[in-house]
Amino acid sequence: MIRLVQSTILALFLACLAVPCAAQDSQRSLLSDLVPSGFDGLELGTELSAVPGLVPSRVVRVESPMEGDYDVDFYTREGQSMTFAGAALSTVEYGFCDGQLCTVVATALGPDNYERLLAHYLATYGTDERTAFAYDTVWDRIYTEEREDGIVSHLWIVCERQTDNCALAGLTWQERIGRAILDIGQQVNPD
């Protein structure tokens, strides 16, 4: 399975602080058409202190030769809706890196829930290669699907052409245990 290091859309939002708000919203919208930039009303890059009702759930140490090792602090959210795109979710965790939302990991059980999530993401983001111009640079989006040993992985990846700054969203189906994993921001194991 493709593993990307520190693949967050966070840098997109931080890099555009000098751009007026209306222009930021317009450019963020362009990139949000390529890959999800948040979940349930929370955008990647949101400050931890701005999210009420978070309950600590776990800390994952990420070892990255490119970014250096870092911790992702995961939280559940009080009052969290456990339905998304018509699928019943089993878990939803919000991961924060250095106090900013950098990943969301949700799981759903059963093939029907997986099919609903997949249909939503295929309808919303498609599978075609796309290009967008935002934040004074060009961004390319690719879609990959891999199948191996009862695991199907779908990845939507958008990367800035001039750097290795990438963002991704993934949906993985683990057939043997009947679990779908939705991962927005970076790939972190839900276990």
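**View 1. Surroundings of W173 and its ring partner Y114.** W173 counts as buried, at 10% relative accessibility; the term buried denotes under 20% relative accessible area, exposed over 50%, and partly exposed the range in between (1.4 Å probe, protein chains only). The model is predicted, so local features require pLDDT of at least 70 and side-chain atom pairs count only at pLDDT 80 or more, whereas totals for chains, interfaces and linings use all residues. Residues are numbered from 1 along each chain as its sequence is written, and side-chain values use heavy atoms, with hydrogens and water left out. Rings of Phe, Tyr and Trp (its six-membered ring) are paired if their centres lie within 6.5 Å; planes under 30 degrees apart are stacked, over 60 edge-to-face, and the rest tilted. Y114 belongs to helix α3 (residues 111-125) and W173 to strand β12 (residues 166-174), so the pair ties together parts 59 residues apart in sequence. Helices (H or I, at least four residues) and strands (E, at least two) are DSSP runs, numbered from the N terminus. Y114 is also buried, at a relative accessible area of 6%.

**View 2. The tilted pair of Y143 and W156.** The centres of these two rings, Y143 and W156, are 5.2 Å apart, with 55 degrees between the planes. Y143 lies in strand β10 (residues 137-148) and W156 in strand β11 (residues 151-160), so the contact ties together parts 13 residues apart in sequence. Y143 is buried at a relative accessible area of 16%, and W156 is buried at 0%. Ring pairs join Y143 and W156 with F39, F84, Y121 and Y125 in a cluster.

**View 3. Helix α3 and its two sides.** The 15 residues of α3 should span 21 Å at 1.5 Å a residue, which agrees with the 21 Å between its end C-alpha atoms; the expected span is 1.5 Å times one less than the number of residues. N113, Y114, L117, L118, Y121 and Y125 of α3 are buried. They cover an arc of only 130 degrees around the axis, which puts them on the same side of α3; the arc is that of the directions from the helix axis to the C-beta atoms. D112 and A123, on the other side of α3, are exposed. G126 follows α3 and has a positive phi, near 65 degrees.

**View 4. The charged end of R58 over the ring of F74.** This charged end of R58 is 4.2 Å from the ring centre of F74. A charge sits over a ring if NZ of Lys or CZ of Arg is within 6 Å of the ring centre and within 35 degrees of the ring normal.
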